[in-house]
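Please look over the structure shown here.

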Amino acid sequence: MIKKILLILLAVALMAGIWQRQVLTYAFLQAKGQMGILLDVQQLEDVLASKTFPDSLKARIRLIEQIKQFGVDSLGLTPSDNYTTFYDQHGRPLIWLITASERYKVQPHLWHFPIVGTFPYKGYFDSTRAAAEEQVLIQKGLDTDIGDVSAWSTLGYLKDPILSSMLLRRDGSLANLILHELTHGTLFVKNNLELNENLASFVGDQGAIRFLKYKYGAGSEQMRQYEYAKRYNDAYSQHMLRGARRLDSLYKTFGPNPRPDRQKDALKTRLISDIVSDTDTLLAGKRTLTNKSRWPDGKLPNNAYFISFLTYKSKQDTFRQEYEKKFGGDLKKYLNYLKGKYPSL
């Protein structure tokens, strides 16, 4: 009887292994890529003691340490061992993210992973494999977008290193990035990435403003640069969110389950072209970012491009109103409230 049970369990395990082969293979590749980085990091004390490492970059590392401490002390972010090591990218990207959407609907294609849940994107440490995955999605008729990212979070399971590319950022952008990723290690709700990324974006943004005021003063050049960039980035994000709504309004006129054809594609391309063209004059008519600089070779984005704005920026007004009206602009109290409201991994 015991032998029979063991054989049944073995058969079930083998069937599950075959069914989950792609998931297991992907998990192995991601673990391999992550471990390859972690095995090649340097301890910060060694980097800071090095006579060959530039003093200007040592100052950026010390700034990251200050940002991290500010996040813990002033914002209530969870202390961790993140950013206590350094990884030199040698000018190379490390991870590529793929997003995908239906042809006639701005709706994310979802990937499901054990433990961490559902995601509207998929990352690869290998650009070749990322490109191969993208081609599979394209063959299925999906719109796709692929690009490298500047940082990621392992949610406190591993020690996320300082990446050499981080040291090239301006102070406000660097503070935003570090506080964004530390927020993931503080609160991460399974199967709700839109909430997770919107919250991290909100905390990163508001936290960066507070850090710059604390370190340099409200009238500092660092604050001026950050506020100008923020005004444009906010305007651009809201413009793209409106664009996503305009696209979905167009797609609804195609009827349920529309079949691809040239006329629908032409209407889609025309509207996306209009949305992109309008970005030239976002800030009170000032030409701050041309289409050519963002879209080289005249290649327009597709539905998948708009997914990131839904994921990262669609709930900013909701967070801002609650934060200001219920918590009087006290970010630490607001974050503590959210930690109690939502179950975190």
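What volume does the largest cavity have? The largest cavity has a volume of about 50 Å³. This is a predicted model, in which local features need pLDDT of at least 70 and side-chain atom pairs count only at pLDDT 80 or more, while totals for chains, interfaces and linings use all residues. Residues are numbered from 1 along each chain as its sequence is written, and side-chain values use heavy atoms, with hydrogens and water left out.

**The cavity**

A cavity is a set of points, on a 1 Å grid over the protein atoms alone, where a 1.4 Å probe fits but cannot get out. Its volume is the space filled by probe spheres set on the points, joined across faces, edges and corners. The count is one cavity of 30 Å³ or more. The largest cavity is lined (an atom within 4 Å of a point) by Tyr83, Ala151, Trp152, Asp160, Pro161, Leu163 and Met166. Six of these lining residues are nonpolar, none is polar and one is charged. Here Ala, Val, Leu, Ile, Met, Phe, Trp, Tyr, Cys and Pro count as nonpolar, Asp, Glu, Lys and Arg as charged, and the others, Gly among them, as polar.

**Helix packing**

Two packed helices are described by the angle between their axes and the distance between the axes. Helices are DSSP runs (H or I, at least four residues), numbered from the N terminus. Axes are lines fitted to C-alpha atoms over the stretch in contact, and angles run from 0 to 180 degrees between N-to-C directions.

| Helix pair | Angle | Axis distance |
|---|---|---|
| Helix 12 (residues 316–327) and helix 13 (residues 331–341) | about 110 degrees | 10 Å apart |
| Helix 4 (residues 55–75) and helix 13 | about 80 degrees | 8 Å apart |
| Helix 8 (residues 221–252) and helix 9 (residues 262–277) | roughly 160 degrees | within 10 Å |

Helix 4 is therefore roughly perpendicular (65 to 115 degrees) to helix 13. Their contact (heavy atoms within 4.5 Å) joins Asp73, Ser74 and Leu75 of helix 4 to Leu331, Lys332 and Leu335 of helix 13. That contact has three nonpolar, one polar and two charged residues.

Helix 12 and helix 13 are roughly perpendicular too. On the helix 12 side, the contact includes Phe319 and Tyr323. Helix 13 contributes Leu331 and Tyr337, among others. Seven residues of this contact are nonpolar, none is polar and three are charged.

Helix 8 is roughly antiparallel (over 145 degrees) to helix 9. Among the residues that meet are Met240 and Leu247 in helix 8 and Leu271 and Ile275 in helix 9. The contact divides into eight nonpolar, two polar and three charged residues.

Note on methods. 1 Å grid on protein atoms, 1.4 Å probe; cavity = no way out; pocket = protein on both sides within 12 Å on 5 of 7 lines; lining within 4 Å. Helix = DSSP H or I, 4+ residues; strand = E, 2+ residues; numbered from the N terminus. Parallel < 35°, antiparallel > 145°, perpendicular 65-115°, else oblique.
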